[in-house]
Amino acid sequence: MSADPVPAPESAADGKPRGQAVLDDLVALLDLERLEDNLFRGVSPPESLPRVFGGQVAGQALVAAGRTVPEDRGVHSLHAYFIRPGDPRIPIVYETERVRDGRSFTTRRVLAIQRGEAIFSLSASFQLPQEGLVHSEPMPPGVPAPDEIDDLGTRALRGDGDWMADLPRPLDIRLIDEPIGSPHRTTASDEPMRLWMRADGTLPGDRLLHVCLLTYASDLTLLGSVVARHDPPSGRLQMASLDHAMWFHGPFRADEWLLYSCRSPAASGGRGLAGGQFFTADGQHVATTMQEGLVRVPSRKETR
């Protein structure tokens, strides 16, 4: 990963942030084994979903791309497709293609492979720092501060957490709006789904690591905004990420609070499109993401 330093955040009150051990496990997960100059190998955590989590394979693929790029070039965009479900029981091989090394931009393509078949593809572009026009969307108004909101663990104990409550949590997540699995969400809403998140501990000052961790986190809640625009379904949804894109607009630390505001502009054909924006606590718009996903609702026959 890039050795570009990022200033460290202040320590937690007791001198040791909560969840540091779980966060260290995630950092280790993103620290791929290098097999050849352009070939890397990654694994999944012991406690996992039935298929590889999309944010994990996206983050690992971005690590593979970044490790073939000069340290003075930062990621400014990525575009990816989820091709097949990944098996968390076996390693993933990441094959990197050095597409272009230009004077200002560097382009990489990565294929994630299991059992000889591609499960995921990613294209990423890196850029030398440059001056230019600057403007961005303002942070949404009236957002409560993170310390005013229950964390995901508290919500789970209360019985209104969602699927993330059952997994180890390397991220401190504070849901501002009710998740789609909550019994308190009873009607459709066109308003964005918002949450605060940060790594639950302190990260090294490695610029690429912070970008890869945000890529990992961006897949956690995005598709929920598609379902939130409709009345809660009466049966189990089938949801899966189909593609994913991100653009990075400015510097940030993934271990400091970031507001994630997600909203779905369209859905049709069993698919839903969702967009998200990341803001720092002081209101800087630092990243944008878009994703299309499979969103299948139960048929009437299945819900009888």
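# Salt bridges, sheet and cores

Visitor: What makes Arg 229 and Asp 190 a salt bridge?

Guide: The closest N and O atoms of Arg 229 and Asp 190 are 3.1 Å apart. A salt bridge requires a side-chain nitrogen of Lys or Arg within 4 Å of a carboxyl oxygen of Asp or Glu, so the 3.1 Å pair qualifies. The model is predicted: local features need pLDDT of at least 70 and side-chain atom pairs count only at pLDDT 80 or more, whereas totals for chains, interfaces and linings use all residues. Residues are numbered from 1 along each chain as its sequence is written, and side-chain values use heavy atoms, with hydrogens and water left out.

Visitor: Which parts does the pair of Arg 229 and Asp 190 tie together?

Guide: Arg 229 belongs to the loop between helix H5 (224–227) and strand S9 (238–248), and Asp 190 to the loop between S7 and strand S8 (193–199), so the pair ties together parts that are 39 residues apart in sequence. Helices (H or I, at least four residues) and strands (E, at least two) are DSSP runs, numbered from the N terminus.

Visitor: Why is Arg 229 called partly exposed?

Guide: Buried means under 20% relative accessible area, exposed means over 50%, and partly exposed lies in between (1.4 Å probe, protein chains only). Arg 229 has a value of 26%, and is therefore partly exposed. Asp 190, at 45%, falls into that class as well.

Visitor: How do you know that Arg 109 and Glu 97 form a salt bridge?

Guide: Their closest N and O atoms are 3.2 Å apart. Arg 109 lies in strand S5 and Glu 97 in strand S4, so this pair ties together parts that are 12 residues apart in sequence. Arg 109 is partly exposed at 39%, and Glu 97 is partly exposed at 39%. By the salt-bridge rule the count comes to 13.

Visitor: Are Asp 87 and Arg 89 buried or exposed?

Guide: Asp 87 has a relative accessible area of 9% and is therefore buried. Arg 89 has 71% and is therefore exposed. Their side chains meet in a salt bridge of 2.9 Å, N to O. Asp 87 and Arg 89 are also linked with Arg 115 in a network of salt bridges.

Visitor: What is noted about the phi of Arg 115?

Guide: Arg 115 has a positive phi of about 50° although it is not a glycine. Arg 115 is found in the loop between S5 and S6, and its relative accessibility of 61% makes it exposed.

Visitor: What makes Asp 172 and Arg 174 a polar contact?

Guide: The side chains of Asp 172 and Arg 174 are joined at 2.9 Å. A polar contact is a pair of N or O atoms within 3.5 Å; within protein, one must be able to donate a hydrogen and the other to accept it, and residues adjacent in sequence count only if both atoms are side-chain atoms. Asp 172 lies in strand S7 and is buried at 3%.

Visitor: In what order do the strands form the open sheet?

Guide: The 12 strands follow the order S1-S2-S4-S5-S6-S3-S9-S12-S11-S10-S8-S7, with antiparallel pairing. Strand S1 (33–36) and strand S7 (171–175) are the edge strands, each pairing on one side only.

Visitor: Which residues have the most contacts inside the largest nonpolar core?

Guide: They are Val 57, Tyr 94, Phe 120, Leu 122, Phe 248 and Phe 278, in a core of 64 residues. Helix H4 (residues 207–218) supplies the largest share, eight residues. Apart from this core lies another, of seven residues, among them Ile 149, Ile 176, Trp 257 and Phe 279. A nonpolar core is a set of buried Ala, Val, Leu, Ile, Met, Phe, Trp, Tyr and Cys residues joined through side-chain atoms within 4.5 Å.

Key
Two strands pair if DSSP finds at least two bridges between them.
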